[in-house]
Structures are given as structure tokens and as C-alpha cells.
Amino acid sequence: PPPPPPREELELLHVHGLAGGGSPLAFSAGGGVLLAAASVALVQEPGGGKQRAFYAKAHTAAVTCLAADAAGKMAATGQAGPDSKVCVWDAETCAHLSEMLCPHSDHAVAAVSWCSDGERLASLGSDPLHTLCVWLWRGEEGEGTLLHSAPTDTLAV
């Protein structure tokens, strides 16, 4: 029989690199830089090499987009499909706050953006209809509420 798996768990110490394809950057309220690499979103502290990672098994595929709210206290990240979703997390502590499963689940989340009120969030799918969703991110049991979903214009510009 094969040997049993190791009892120790791996710990992420440092992320090298950056997600490709024009991955956005944002600032946290504390001056850290928010960025993404693979399925990890993280906060890179200024003036040193210290990083704090948001991954906590929330993202199961590559992070495709990132946005910080106006105050720099919360971040939203979208992931590639299948099972695409948007995660909301605390930009200082990296605590997972909310999650929204997208109706265009077979395609990536192309973009996320915060409303100035900090309560609503918009996501845009990379599906053929470029589905636009508006969310109330603070929901029951850590799940956001879909307020509106509609296809956008599919004509090439």
C-alpha cells in the first residue's frame, strides 16, 4: 500500500509574480497594495516584503479582477469559471466577508466595481452576453444578494 499523506499542512509564506492580463492594483486604507496572483489575492505592505494573503479556500480558480471600495477598507475579487464568483474581503485583515455565485458561472468574472455607498457591488461576466450583476454584498450567512442581472449590449464596438 502507498504511504499515508503527510500530517503537516503547507503554509503560504510569500507570493512571487502577478496575475497576467492587466491585473488591477488598488490601495488599502493602510497604504498596502492589493494585487492578485493565481488563485490568491494579497496585500503587499509598503517599504518591505511582508504580505498578507486572502485565499482561505475562497477562490478555487484564478483571480481575474480586483477592486477596493472608496475607503480602501474592503476588496472584491472575481474568479475564472466554472463556478465563477465574487468574494468580498477585509483589505486590512484579509478576512473573508461575503461570497456571491455568479449567474454566468461557466465564464470568468471580467470586472468588479464598488458603488460609492460601499453596500452595492457590480460584476461583469465574460460570458457571450457580458452579464452585468448588481449585488448587495452584505447578506445572510456570508452570501450576497443578487439585486439585478441583465445582459449588456453584445454588439462589437
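1. Strands are here DSSP runs of E with at least two residues, numbered from the N terminus. On that basis the chain of this predicted model reads β-β-β-β-β-β-β-β-β-β-β-β along the sequence, with twelve strands and zero helices.

2. As for overall dimensions, the radius of gyration is 16 Å, close to the 15 Å that the globule rule gives for 157 residues, so the chain is as compact as a globular protein of that length. Taken along the principal axes, the box filled by the C-alpha atoms is roughly 50 × 45 × 35 Å.

3. Which residues does Gly-32 contact, once its neighbours within four places in sequence are left aside? They are Ala-26, Phe-27, Val-43, Gln-44 and Pro-46. Gly-32 lies in the loop between strand E1 (26-27) and strand E2 (33-37), and its C-alpha atom is separated by 5.7 Å from that of Val-43, eleven residues apart along the chain. Gly-32 counts as buried because its relative accessibility is 1%, and the cut-off for that term is under 20%.

4. The structure holds zero disulfides, a term that requires two cysteine sulfur atoms within 2.5 Å. For Cys-87 the closest cysteine sulfur is in Cys-102, at 9.4 Å, which is too far for a bond. Cys-94 is likewise in no disulfide, since the nearest cysteine sulfur, that of Cys-87, is 13 Å away. Both Cys-87, with a relative accessible area of 0%, and Cys-94, with 9%, are buried.

5. A pair of aromatic rings is described by the distance of the centres and the angle of the planes. The count comes to one aromatic pair, formed by Trp-114 and Trp-137, with 6.1 Å centre to centre and 85° between the planes. The pair is edge-to-face because its angle falls in the range over 60 degrees. It links distant parts of the chain, with Trp-114 in strand E9 (residues 109-114) and Trp-137, 23 residues apart from it, in the loop between strand E11 (132-136) and strand E12 (145-150). Both Trp-114 and Trp-137 are buried.

How values were computed: Residues are numbered from 1 along each chain as its sequence is written. This is a predicted model: local features need pLDDT of at least 70, side-chain atom pairs count only at pLDDT 80 or more; totals for chains, interfaces and linings use all residues. Side-chain values use heavy atoms; hydrogens and water are left out. Helices (H or I, at least four residues) and strands (E, at least two) are DSSP runs, numbered from the N terminus. Buried means under 20% relative accessible area, exposed over 50%, partly exposed in between (1.4 Å probe, protein chains only). Contact means heavy atoms within 4.5 Å. Rings of Phe, Tyr and Trp (its six-membered ring) pair if their centres lie within 6.5 Å; planes under 30 degrees apart count as stacked, over 60 as edge-to-face and the rest as tilted. The radius of gyration is taken over C-alpha atoms; the globule rule is 2.2 Å times the number of residues to the power 0.38.
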